[in-house]
Amino acid sequence: MLAYITAVAIVFCIYALLTLSLNLHFGFTGLINFGHVGFFAIGAYAAALCSLNGMPYVVGFTAAAALAALAAWPLGLLALRLREDYLAIVTLAFSEIVRVVITAEEWLTNGVQGLPGIPRPFASLGIGGNAELAYLALVVTAVVLAILLIRHLVRSPFGRLIQAIRDDEVAVKALGKNPAGVKVRVFMIGAAIAGIAGALYAHYMNYIVPDQFLPLVTFYVWMAMILGGAGSISGSLVGAGVLIGILEGSRVVRDLLPNVMQVEMASLRLALVGLLLVLFVLYRPNGLMVKRDES
Amino acid sequence: MGYAYYVGLAINGAVEGLTIGLAALAINLVFAVGRFPNATTGDLMTVGAYAGIAVQQSGLRSLWLQGLAAVGASMALSLALYLFVFRALRGRGMLAPLLASIGLAILVRSVLSFFAGHDQYVFQLPIVRPIMIAGIPVQSYDLWLGGVALVCVLLVMAILFLSPIGRQMRAVADDLTLARTSGINVDRVYLVMWLLVGFVTGVAGMVLGVRTVVMPEMGWNMLLPAFAAAVLGGVGSPAGAVLAAMVVGIAQEMSTPVLGFTYKIGLAFMVLVVILAVRPAGLFGRVERVR
Amino acid sequence: MRFNRREIMLTGAASLAAAMAPVGFARAAEPYRIGALNPITGAGSPYGSGTQKTILFAAQEVNDAGGAAGRMFEVFAEDTQTAPEAGVLAAKKLIEVNKVDAIFGTWSSGVTLAIMPLTDAANVILMTNSGAASISTLDTKDLVYRYSTTGIRSGRAISGVIEKEGLTRVATMAFNNASGRDLVAGVKSGWEEKGHSLVAEVVYEPNRPGYRSELQQILAAKPEIIMLGSYLPDTTIIVREARQMGSDVRFIGPGYAIAPKLSESLGAEAVEGLMAVDYVSSLDSSAYAHFSKRYQDEMGSDVGENFYASCAYDMVQCTALAIEAAGPGADNTKIAANLRKVSNPGGKVVSGFAEGKKLLAAGEEINYEGASGPLDFDEHGDVKPLFKLSKLRSGALEYQYMLSL
């Protein structure tokens, strides 16, 4: 059973990274980003292509973070000019452009056939327990580092500026600070974390294909973030945990509702995600982990 | 390839653009008055199409009756969404209703597939051969679609620009606080707006259903292109949304001899990003101040 | 991304008791554990449940016959959700929690490619119906066996049909995913080998409100027939649009796209004569007769077009025979080495495990002829499955003839 729990924990950590980085964008800085899966995909493909071409893992992970951040740069500049509702749509469109390009540029990405056989770090430890635990240690380290980074950003003078921008951009400008540069940098840092999550995902799944990077992933992460609470680090972890619970825990539900057809379970799983999102927006907009009087 | 080939492509693009344009029109209404991108638009269409199919399965073969059912169902759902969810979220900014609409879209779609399954349904219409006009094959369904879309747009414009409630709607779109202080019944304006959205999505769902096949994902798949068209058209410009959708549709199809077919949808989004980079308010929109 | 619901089922209440009982010598043989990893939900759901049930009852049959080389079969069932992530989590659980020796019945290529590194590392035998060609090349230990064939080879079979039907101007349209692309790539290579060339080729992105420009490009080349690498919904739209554009062009495609449902959707007249190429079980074999009767008893419904269930039946039979032939205490490498021995030509033809077990005990060579086909594995671990050509006639699929690869 341990091995299975380890596998679920690894997937949880990958979602936690996505949720944390989205939280950095939105919860801490107020940047609207509905294209998170685009950074995730860039990271996954960058890491996969590097290691399939024989480069060391370090290069792959660096490329994943750097390319995702690079892709975020023009988007961040655009974010400065656009109304937030337009920005929501533009970021969504961005992630679809990423997917279309990955699908179409077969010479690089193998297109719809996907990239099989992506090597896994620690494979030399053999299948089963040890390699799996080592990988878990790696993803947990990544989550811890991401948390430390975000906390550092939030608490540093830079971070106070970030929050000031979120709360009153005009005042910040009046103080002679440049909110634009800060926003773009935050956007790039968050994208880099999502890129790392993509790299970890690709090396863990061993096989990636463009269909795994649909906007639905972005919406899942938004649900996790809202559920836990925008602007809350512990909330991101709780939100990601609930999300994995819904997606992976339907086995338990099936035992409780034996009459539900197997095929219908997929619909019920999805319905629950949608329903939770609506209910939280309506009745608990600050999420589980944020006190009501904050915000 | 002669000019007829390119004219053909342009017609295909215009027809696809019209189909998406109706959805963009519905998005634009909510955008202008409700001030958020409504992600349930696609699924409102789907529900409309399924209602039309339900009428057909019950043995009634009249397309008008089916269309009536589609419009009725979409209007009912649209109203319900407003009353139970979006009304409570008024004044909560753009993000709360957007997130709620994403959640609702997922919910509606999964409930639909839970009950209706994943099998496809089709509107049983006779297949009509094209007629030749100046060497160009023209399909009668296209003319019907063009007519329906035109009537739809004109109706929405007439309500917006000629009726008292339309004037109030535009007032709310321009400045909610001002509208409220000048004695406009804002509740009624929202109610009518959501009914109008239901009407347009019902028609759009029926049009899409007739042109393609009816499945739980049909409307959701149209959402992103429709969003793109609505933004390109610019908020507060219903005709702009439809026009933008047609422009994008035509550009997409005309690009295929050069770019191939797999980049089509990517092209639409790239056009969106590039145009917004140059004109942050969209093609036909007014420049508004941010915040 | 969605994850899995999983279920654990143990077959054969007797299996535990039997495993405890001494077999041959004083030591009890380990049970042979099988993961039934099937697409219960998602795109493969029409086939998944039937496949999974088949693995369960087929394993029961092996146990009823006393097990293979003294080893009882134990089955653990899981859902792939037809999605790679869910498949990986399920495979991990099967391999590391249930300690399975083999995984049977993966269906989508995405899932199979994603779990292959796991099965490979753990020396687990993997038996699949996925169509990706790379599955063969990535199988370094010869532990992966495909009870159907690649999409590319299926496409080549289709090119044979087109030639046989006397058609010369051929175009292809493919749904932009791996299986659509492989199918038309196969048609193209087969067709060009015959000394012809395609008049037009188009790959389209799915989920569009129409495919008219794609069709316009195809029709401009004036094809007699369009080969579709598509599914039912997009086929419905494409055929309807072709007719609305005034074209009477013929279509050929896989059986899941050119189906009676197409005629229900568009009217029999619009689809008259459209051709479907599909896998077919070995309908005349005695293994099939036995399998289909058991299926009917267990599922309460006809096996119908579920070719994959017949494959699953054969996966269990073949593996059991290979274990029996390898003798007690054999590991997976040795068992896999015996798979070809018990199912490829050369021996006495058998149609089930019990029959084969007796002959093996008598020291005879055997050749299992399965419910899904003759099952002769080539060097890649692939078989040459049987295909049939059918045509839509007045709304129903009418069988025409069998075809070979």
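This is a predicted model: local features need pLDDT of at least 70, side-chain atom pairs count only at pLDDT 80 or more; totals for chains, interfaces and linings use all residues.
Two residues count as in contact here when their C-beta atoms, placed from the backbone, lie within 7 Å.

**The core and the A–B interface**

A:Ala68 turns up again in the largest nonpolar core, which has 353 residues. Together with A:Leu17 and B:Ala24, A:Ala68 touches the most other members of that core. Chain C takes part too: the core draws at least three residues from each of its domain 1 and domain 2.

Now for how chains A and B meet. Here 36 residues of chain A are in contact with 36 residues of chain B. On the chain A side, the elements giving two or more residues are α3 (57-81), α4 (84-104), α10 (215-228) and α13 (262-283). The largest share, 15 residues, comes from α4(A). Sorted by class, that side of chain A has 27 nonpolar, three polar and six charged residues.

Over in chain B, B:Val153 is found in helix α5 (residues 140-162). Is B:Val153 buried or exposed? The cut-off for buried is 20 or more other C-beta atoms within 10 Å, and B:Val153 has 20, so it is buried. Leaving out neighbours within four places in sequence, its contacts are B:Leu25, B:Pro238, B:Ala239 and B:Val242. As for B:Gly205, it is 52 residues from B:Val153 in sequence and 15 Å away in space, C-alpha to C-alpha.

**Chain C: two domains**

Chain C splits into domain 1 (13-146 + 282-368) and domain 2 (152-279 + 386-403). Their C-alpha centres lie 34 Å apart. Where they meet, six residues of domain 1 of chain C are in contact with six residues of domain 2 of chain C. The domain 1 side of that meeting has three nonpolar, three polar and no charged residues.

**The five-stranded sheet**

One open sheet of chain C has five strands in the order β2-β1-β3-β4-β5, with parallel pairing. At its edges stand β2 (73-79) and β5 (144-146), each with a single partner strand, so one side of each is left without a neighbour in the sheet. From one strand to the next, the twist averages 20°.

At the β5(C) end, strand β4 (residues 125-128) of chain C pairs with β5(C) over three bridges, in the parallel sense. There, C:Met127 has C:Tyr145 as its bridge partner in β5(C). Helix α4 (residues 109-121) of chain C packs on this sheet, touching β3 (102-106), β4 and β5 of chain C.

**The seven-stranded sheet**

The other sheet to look at is an open one of seven strands, ordered β7-β6-β8-β9-β10-β13-β14 (chain C), and its pairing is mixed. Its edge strands are β7 (200-204) and β14 (396-403) of chain C; each has a single partner strand, so one side of each lacks a neighbour in the sheet. The twist here averages 25° from one strand to the next.

Two helices of chain C pack on this sheet. Helix α7 (residues 178-193) touches β6 (170-175), β7, β8 (225-229) and β9 of chain C. Helix α8 (residues 212-220) touches β6, β7 and β8 of chain C. Here are the angles for the packed helices of chain C:

| Helix (chain C) | Reference strand (chain C) | Angle between directions |
|---|---|---|
| α4 (109-121) | β3 | about 175° |
| α7 (178-193) | β6 | about 160° |
| α8 (212-220) | β7 | about 170° |

What about β10(C)? On one side, three bridges join β10(C) (residues 275-280) to strand β9 (residues 250-254) of chain C, and the two run parallel. C:Gly253 has C:Ala276 as its bridge partner in β10(C). Six bridges also join β10(C) to strand β13 (residues 386-393) of chain C, this time antiparallel. In β13(C), C:Leu386 is the bridge partner of C:Val280.

How many of the six residues of β10(C) are buried? Six of the six, so the strand is largely enclosed by the rest of the structure. Both of its faces are covered: one side carries C:Met275, C:Val277 and C:Tyr279, the other C:Ala276, C:Asp278 and C:Val280.

Terms used. Residues are numbered from 1 along each chain as its sequence is written. Chains are lettered from A and ligands numbered from 1 in the order in which they are written. Domain bounds come from an automatic or database domain assignment. Ala, Val, Leu, Ile, Met, Phe, Trp, Tyr, Cys and Pro count as nonpolar, Asp, Glu, Lys and Arg as charged, and the others, Gly among them, as polar. A nonpolar core is a set of buried Ala, Val, Leu, Ile, Met, Phe, Trp, Tyr and Cys residues joined through C-beta atoms within 7 Å. A residue is buried if 20 or more other C-beta atoms lie within 10 Å of its own, exposed if 12 or fewer, and partly exposed in between; C-beta atoms are placed from the backbone. Helices (H or I, at least four residues) and strands (E, at least two) are DSSP runs, numbered from the N terminus. Two strands pair if DSSP finds at least two bridges between them. Axes are lines fitted to C-alpha atoms, for helices over the stretch in contact, and angles run from 0 to 180 degrees between N-to-C directions.
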